[in-house]
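Please read it alongside the sequence and the model.

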Amino acid sequence: MNKFRVVPLSKEYAAKLRSSRVDDFGHQIVEEVATGLGPCRVSLQPFTHGKDKRLLLSHSPFAIDNAFNQPGPVFISAADVEPYADVYRFPPAIKENPSFHLTLIGYSHEQRMVHTELVPDNLEIEHQINQVLENNPNIDFLHVRSAIACCYICTIVRA
């Protein structure tokens, strides 16, 4: 049994962004046909290149404004989608796709970066997440990020 829970962006947050077309930084949200896999930060499913419409926006996954906020670009589906629901399992569509190169970044309760590591084998990511959390009691949560683009994908919390 995994000792973590996957936290995607919420359906309510995505609906607010789709409606306002302005992100939390005051930037106009850009709608485009997918030119890459993404994934959508709500459903945690890859986009279909050349078919799916997606929204590009700036996002910071932190509650406290500090030097580690790492705001950056993320994509969400332009269509209303359901949030990733199998939260005690890392999304198979990301895990099983060799195009997704991932990194885990651990943060303390004060949102200070206290751990970073590459994911050498996505198929082993659940084991790696469990080990990181077990071996680092000072980690309050993890961010999964693209190891290539450095953009935020989802949050991992202890179950």
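In helix α3, the residues Ile125, Glu126, Gln128, Ile129, Asn130, Val132 and Leu133 are buried, where buried means under 20% relative accessible area, exposed over 50% and partly exposed in between (1.4 Å probe, protein chains only). The model is a predicted one, in which local features need pLDDT of at least 70 and side-chain atom pairs count only at pLDDT 80 or more, while totals for chains, interfaces and linings use all residues. Residues are numbered from 1 along each chain as its sequence is written, and side-chain values use heavy atoms, with hydrogens and water left out. Helices (H or I, at least four residues) and strands (E, at least two) are DSSP runs, numbered from the N terminus.

The cover over the buried residues of α3 includes β1, α2 (92-95), β5, β6, β7 and β8; contact here means heavy atoms within 4.5 Å. Helix α3 spans residues 125-135 and lies across β1, β5, β6, β7 (141-146) and β8 (152-158), at about 20° to β5. Axes are lines fitted to C-alpha atoms, for helices over the stretch in contact, and angles run from 0 to 180 degrees between N-to-C directions.

The strands in question form an open sheet of five, in the order β1-β8-β7-β5-β6, with antiparallel pairing. Because β1 (4-7) and β6 (113-118) stand at the edges with a single partner strand each, one side of each is left without a neighbour in the sheet. Direction ignored, neighbouring strands of this sheet are turned by 25° against each other on average. Two strands count as paired if DSSP finds at least two bridges between them. Strand β5 (residues 102-107) and β6 pair in the antiparallel sense over five bridges, and Leu104 has Glu117 in β6 as its bridge partner.

His115 belongs to strand β6. With a relative accessible area of 17%, His115 is buried. Its side chain is joined to that of Glu117 by a polar contact of 2.6 Å. A polar contact is a pair of N or O atoms within 3.5 Å; within protein, one must be able to donate a hydrogen and the other to accept it, and residues adjacent in sequence count only if both atoms are side-chain atoms. Leaving aside neighbours within four places in sequence, His115 is in contact with Leu104, Ile105, Gly106, Val132, Asn136 and Ile139.

## The three-stranded sheet

A further open sheet has three strands in the order β2-β3-β4, with antiparallel pairing. Strands β2 and β4 stand at the edges, each with a single partner strand, so one side of each is left without a neighbour in the sheet. The twist averages 35° from one strand to the next. Strand β3 (residues 53-59) is mostly covered, with five of its seven residues buried. Strand β2 covers residues 30-33 and is joined to β3 over four bridges, while strand β4 (residues 72-77) is joined to β3 over six bridges. Val30 stands opposite Leu56 in β3, Glu32 stands opposite Arg54 in β3, and Ser58 has Pro73 in β4 as its bridge partner.

## Loops and backbone geometry

Between β3 and β4, the loop holds Asp65, which counts as exposed at 72% relative accessibility. The side chain of Asp65 makes a polar contact of 2.9 Å with the side chain of Asn69. Asp65 and Gln111 are 46 residues apart in sequence, and 9.1 Å separates them in space, C-alpha to C-alpha.

In the loop between β2 and β3 lie Pro39 and Leu44. Leu44 is buried, with a relative accessible area of 0%. Cys150 lies in the loop between β7 and β8.

| Residue or bond | Backbone angle |
|---|---|
| Gly38–Pro39, cis peptide bond | omega about 10° |
| Leu44, not a glycine | phi near 55° |

## The largest pocket

Which residues lie nearest the centre of the largest pocket? They are Gly38, Phe100, Ser146, Ala149 and Cys151, from a lining of 18 residues. The largest share of this lining, three residues, comes from β4.

How values were computed
On a 1 Å grid over the protein atoms alone, a cavity is a set of points where a 1.4 Å probe fits but cannot get out, and a pocket is an open set with protein on both sides within 12 Å along at least five of seven lines; lining residues have an atom within 4 Å of a point.
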